[in-house]
Amino acid sequence: MLTPDYLDILPNEAVHLWQQVEDDILKDIGRRIRKMDSLTDTAKWQLWRLEQTQALQKDIIKILSKYSGKNEQIIRNLLVDACTESLIKEDELHKLSGKTIPPINDSPALVNLLNGGYKQTLGTWKNLTATTANTVAKQFENALDRAWLQLASGAFDYKTIIKKTVDELSQNMKFITYPTGHRDTLEVAVRRAVLTGVNQTAGKLSLERCEQMECDLVETTAHAGARPEHAEWQGKIFSRSGKSRKYPPFSSTGYGTGAGICGWNCRHSFYPFYEGLSKPAYSGDDLDKLNEKNIVYNNKAYSKYEVSQMQRALERKVRKYKKQYLIEDSAGVDTAVTAVKLKNSRLNLKEFVYTTNGRVDNFRTSTAGFGKSQAGKANWTAEKEYYNWLKSIGANNSSLNTFYKYLFGKSNNTKEYWLLNGYKKAVDKAEISPLVGLDYFISTAQQVENKIVGLITENGIEIESFTTHFIGRIIGQSEKSHKGMRMGVKIEDIIDTLKSPTHISPPRATDTGEIRQTFTGKNNSVTISLTDKRVIQCNPKK
């Protein structure tokens with residue numbers, strides 16, 4: 001019996017090995033693309049393109065050869081360890097029935113099944129990787145063609161084209177072509193091949209041992225988030241022969257087909273069950289609770305399976321940006337934006353795992369060639385990029401003066417983050433000049449907090465809050481009126497308009513259902529949300 005949790009981590013060692021292959025190939029591609037800048041003549045370009053594609057194919061074959069021996073040993077170890085552990089557990093169940101259990105190695109049938117499973121799994125993987133060199137080379141060739149056309153058109157400069165090309169390849173490169181024509185990454189393909197191969201072999205050994213022990217009944221394992229068609233039979237008891245009047249036939253689980261138990265990417269297995277001696281592992285209530293939503297994140301309840309899938313997505317994002325960083329570095333292009341995205345994704349994962357009491361699966365975030373040195377360099381690059389961004393918008397005096405503080409403020413929606421983000425939007429939209437500076441923006445917000453929040457309007461509405469957009473409108477684009485520039489509005493004039501308006505518009509609903517009302521005064525107009533009792537914006541009177 002192999003548990004779903006065991007099967008989930010089973011392929012990790014093999015996946016990690018082939019992630020290294022992916023990363024080695026991508027770095028090789030990055031180094032080759034880096035050489036494009038010296039090519040201008042079309043004839044020379046065509047020759048260089050052909051040479052690079054052929055050289056890449058040869059390099060990929062060398063890389064695959066370098067790792068193939070390690071891969072064969074890993075697959076053999078995984079099969080032997082998993083199947084032996086499975087049989088040892090199941091033999092304990094057979095012993096409870098009073099059966100005499102012969103050693104595994106004394107059963108030619110079991111040994112042959114184990115060896116056959118190894119050969120089949122290894123053969124499947126060799127057939128898939130045999131397509132790798134051609135699969136990668138064709139995508140590399142197509143990427144070079146697109147880059148050349150963009151370069152020849154003059155629409156983009158060389159550095160932009162190279163960065164676009166390597167980023168696209170790092171995220172979209174496929175390494176395996178299936179007989180159906182479907183293409184996949186090495187890590188996805190090896191996880192599927194190893195998980196399926198080991199589970200199928202363990203299943204055959206289990207059935208053979210049941211046959212030897214004359215055990216007709218088997219019980220299936222269960223896990224949260226099972227496919228709907230698998231959820232129908234998980235955690236239940238079946239008859240191998242199909243002759244039982246009490247239990248359905250084992251064939252109803254789809255055993256022996258790709259879509260059934262022990263099939264493609266399936267984490268279910270089964271084990272012997274002796275009626276009168278064995279106790280069912282799951283009741284109906286137990287199966288219903290597998291998908292119970294009992295983990296709270298961002299004020300919303302999720303099941304354990306849903307949380308695991310959310311974490312997997314965050315882990316994939318970390319690895320995505322590690323790969324992108326490495327190929328950009330190999331190609332000699334600017335890594336700043338990717339470094340920022342990488343740090344953001346790592347901190348998001350850390351925060352998520354802490355909040356949900358989980359644990360990061362380092363196998364799913366690791367990237368060959370991305371060690372402490374690369375992590376330190378990427379971290380420094382991200383911090384530098386963040387500081388330069390703060391400086392460019394006049395916010396270098398922000399209390400959120402490190403990228404970590406910024407992301408912490410964002411995830412916790414602190415007041416400091418709210419003001420910095422509001423200031424950024426005002427600058428981006430040209431509502432205010434970056435020369436204004438964050439300090440002045442914050443001091444203006446403080447004045448609004450002190451003088452306008454708590455004010456009661458002429459028609460009896462007490463102001464409870466304000467938007468950062470409102471702060472931007474107070475500051476404005478100009479102190480003097482001239483064409484194309486919006487003047488700011490004095491806080492004293494806003495107070496006068498709210499307390500002694502010359503006109504109050506009828507309430508009106510927005511597309512989102514918010515109710516708003518505009519107050520017009522001698523020098524300006526002010527709009528508030530009746531729904532939230534919040535000041536939204538103001539405009540000088542034309």
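## Close-up views of a predicted model

**View 1. Strands β3 and β5 pair side by side in this predicted model.** Strand β3 covers residues 217-220 and pairs with β5 in the antiparallel sense. The pairing runs over 3 bridges. Look for Glu219, which stands opposite Tyr271 in β5. The two strands belong to an open sheet of 3 strands, ordered β4-β3-β5 with antiparallel pairing. Which strands form the edges? They are β4 (237-239) and β5 (270-272), each pairing on one side only. From one strand to the next, the twist averages 35°.

**View 2. Strand β13 pairs with β12 and with β8.** β13 spans residues 534-540. With β12 (residues 524-529) it runs antiparallel, and 6 bridges join the two. Here Val526 stands opposite Cys538 in β13. With β8 (residues 465-466), β13 runs parallel, and the pair is joined by 2 bridges.

**View 3. Strands β6 and β7 form a hairpin with 2 residues between them.** β6 covers residues 293-297, and β7 covers residues 300-303. The strands run antiparallel and are joined by 4 bridges. Lys293 has Ser303 in β7 as its bridge partner. In the turn, Asn298 has a positive phi of about 50°.

**View 4. Helices α2 and α10 pack at an angle of about 35°.** Two packed helices are described by the angle between their axes and the distance between the axes. Helix α2 spans residues 12-33, and helix α10 spans residues 304-331. Their axes lie 7 Å apart. Is the crossing left-handed or right-handed? The crossing of α2 and α10 is right-handed. From α2, the contact includes Gln19, Glu22, Asp23, Leu26 and Lys27, along with Ile29, Gly30 and Arg31. These meet Arg319, Lys323, Leu326, Ile327, Ser330 and Ala331 in α10. By class, the contact residues divide into 5 nonpolar, 3 polar and 6 charged.

**View 5. The second largest pocket holds about 500 Å³ of space.** A total of 21 residues line this pocket. Which of them are the closest to its centre? They are Ile474, Ile475, Gly488, Val489 and Lys490. α16 gives the most, with 3 residues. The lining has 9 nonpolar, 9 polar and 3 charged residues.

**View 6. The largest cavity has a volume of about 40 Å³.** How many cavities of 30 Å³ or more does a search of the whole structure find? The search finds 1. The lining of the largest cavity comprises Leu2, Ser86, Glu90, Asn199, Ala202, Gly203, Ser206, Cys262, Ser269 and Phe270. Helices α3 (42-96) and α7 (186-212) are the elements that give two or more residues to this lining. α7 gives the most, with 4 residues. By class, the lining divides into 4 nonpolar, 5 polar and 1 charged.

How values were computed:
Residues numbered from 1 in each chain as written. Predicted model: local features only at pLDDT ≥ 70, side-chain atom pairs only at ≥ 80, totals over all residues. Heavy atoms only, no water. Axes fitted to C-alpha atoms, helices over the stretch in contact; angles between N-to-C directions. Left-handed = near helix turned anticlockwise from the far one by under 90°. Contact = heavy atoms within 4.5 Å. Nonpolar A, V, L, I, M, F, W, Y, C, P; charged D, E, K, R; others polar. 1 Å grid on protein atoms, 1.4 Å probe; cavity = no way out; pocket = protein on both sides within 12 Å on 5 of 7 lines; lining within 4 Å. Points joined across faces, edges and corners; volume = space filled by probe spheres on them. Pairing = 2+ DSSP bridges.
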